[in-house]
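Here is a walk through one protein chain, taken a region at a time. Keep the viewer open and follow along.

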Amino acid sequence: MSAEASVGSHAADSTQSAVSQPVFHNTDELRNCGLIGSKYVKLNVGGSLHYTTVQTLSKEDSLLRSICNGGTEVSIDSEGWVVLDRCGRHFGLVLNFLRDGSVPLPEEHRELDEVLKEAQYYRVQGLVQHCLSAMQKQKDVFETVCRIPMITSAKEEQKMIATCRKPVVKLQNNRGNNKYSYTSNSDDNLLKNIELFDKLVLRFNGRVLFVKDVLGDEICCWSFYGEGRKIAEVCCTSIVYATEKKQTKVEFPEARIFEETLNILIYENGRGFGPGGLHLLDSRGSGSSLGAEEEGATGGDRRVRRIHVRRHIMHDERGHGQQTVYKD
């Protein structure tokens, strides 16, 4: 090869190199020029290294396109890596979305929220909408699930009931809290109470807050709350005397429990306020004190009548489904 040809070839290569790799005279010029004239981009995102093309980064009107066309200043290190001060955990997912137009999203809500934050930062609107749609689908699925809080302390219970805007139905279920043996049907009735609780949860999901208490003093007891205070209580246990020894009897007053659940709905959406709600409660409590000891108390403008079940009774003395009512 002649010297002229060699020189010409070298000059052509130099010209082509000058086109693909612009020459920068100082660091400020390097930052302000962006990636104009480049075909490939090396990105260092929080220590996570990615190699892609300007065409991929420019597919959407985003921060990444602005970096490529020089609209946004960037820092480029001595080795040519564009340094972005962000966590690089989900940046690969952002790149794959720009490449393919769609990408599988993480199912865990926290990770999905992290991806959304990254998409919002880079202003990749297609990925933002993709994340929001996935979150809405998760929300729709979660709303169909019945969630039952489990009470672990008295303070937790008080706070939950006081702050809840819905009526509250609580089942206190603690089979181990028993000093005596159970009667023959007690275990079956205890299971029936639990099954009824599950059925009511499914039927009134979203309208009533159902709570389970497994640490209370009662073996099986239903409590009904409205406006943050107890309205009624149905106790399903009693102490009976049979064959000269005490036994614990668990009952299943299904009709009474269902009736009290329907009554508590008058406190839904604040409908229990005013004389209408009080009138319904008064009419309900007028015939429910049979077989109980009544105690009256006056406090301010409210009069609460407490009807306590007699705990030690004969085997056939107590009526089925005896209850305690707290009323105005």
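Start with a charged pair. The side chains of Arg89 and Glu111 form a salt bridge, with an N to O distance of 3.1 Å. This pair links distant parts of the chain: Arg89 sits in the loop between S4 and H5, Glu111 sits in helix H6, and the two are 22 residues apart. Bear in mind that the model is predicted.

How solvent-accessible are the two partners? Arg89 is exposed, with a relative accessible area of 53%. Glu111 is partly exposed, at 27%.

Glu114 is partly exposed, with a relative accessible area of 26%. Which residues make up the network of salt bridges around Arg89? Arg89, Arg110, Glu111 and Glu114 are linked in it.

The general idea is simple. Side chains of opposite charge can pair when their charged atoms come close. In this model the count comes to 11 salt bridges.

Now look at Glu118 and Arg86. Their side chains meet in a salt bridge at 2.8 Å, N to O. Glu118 lies in helix H6 (residues 109–122) and Arg86 in the loop between S4 and H5, so this pair ties together parts that are 32 residues apart in sequence. Glu118 has 10% relative accessibility, so Glu118 counts as buried. Arg86 has 24%, so Arg86 counts as partly exposed. The cut-off between the two classes is 20% relative accessible area.

Next, a charged residue without such a partner. Find Glu60 in the loop between helix H3 (54–57) and helix H4 (63–68). Is Glu60 buried or exposed? Glu60 is buried, yet has no salt bridge. The nearest side chain of opposite charge belongs to Arg65, 8.0 Å away.

What lies around Glu60? A polar atom of the Glu60 side chain is 3.3 Å from the backbone nitrogen of Gly126. Leaving out residues up to four places away in sequence, Glu60 touches Arg65, Phe97, Leu98, Val124, Gln125 and Gly126.

Move on to the sheet. Four strands form an open sheet in the order S2-S1-S4-S3, with mixed pairing. Strand S2 (48–53) and strand S3 (75–76) stand at the edges with a single partner strand each, so one side of each is left without a neighbour in the sheet. Inside the sheet, strand S1 (residues 40–45) and strand S4 (residues 82–84) run parallel and are joined by three bridges. Val45 stands opposite Leu84 in S4. Helix H5 (residues 91–100) lies across S1 and S2, and runs at about 10° to S2.

Now turn to strand S6, residues 168–173. How many of its six residues are buried? Six of the six are, and the strand is described as mostly covered. In a regular strand the side chains alternate between the two faces of the sheet. On one side of S6 are Val168, Lys170 and Gln172, on the other Val169, Leu171 and Asn173, and all of them are buried.

Which strands pair with S6? Strand S8 (residues 209–213) pairs with S6 in the parallel sense over five bridges. In this pairing Lys170 stands opposite Val211 in S8. Strand S9 (residues 220–226) pairs with S6 in the antiparallel sense over six bridges. There, Tyr225 in S9 is the bridge partner of Val168.

Finally, step back to the whole chain. The protein chain has 11 helices and 15 strands. Of its 328 residues, 40% count as buried. Among contacts with a separation of 6 or more, 65% come from residues 24 or more positions apart.

Conventions: Residues numbered from 1 in each chain as written. Predicted model: local features only at pLDDT ≥ 70, side-chain atom pairs only at ≥ 80, totals over all residues. Heavy atoms only, no water. Buried < 20%, exposed > 50% of the residue type's maximum accessible area, 1.4 Å probe, protein only. Lys, Arg positive; Asp, Glu negative; His and termini not counted. Salt bridge = Lys/Arg side-chain N within 4 Å of Asp/Glu carboxyl O. Polar contact = N/O pair within 3.5 Å; in protein donor to acceptor, adjacent residues only side chain to side chain. Contact = heavy atoms within 4.5 Å. Pairing = 2+ DSSP bridges. Axes fitted to C-alpha atoms, helices over the stretch in contact; angles between N-to-C directions.
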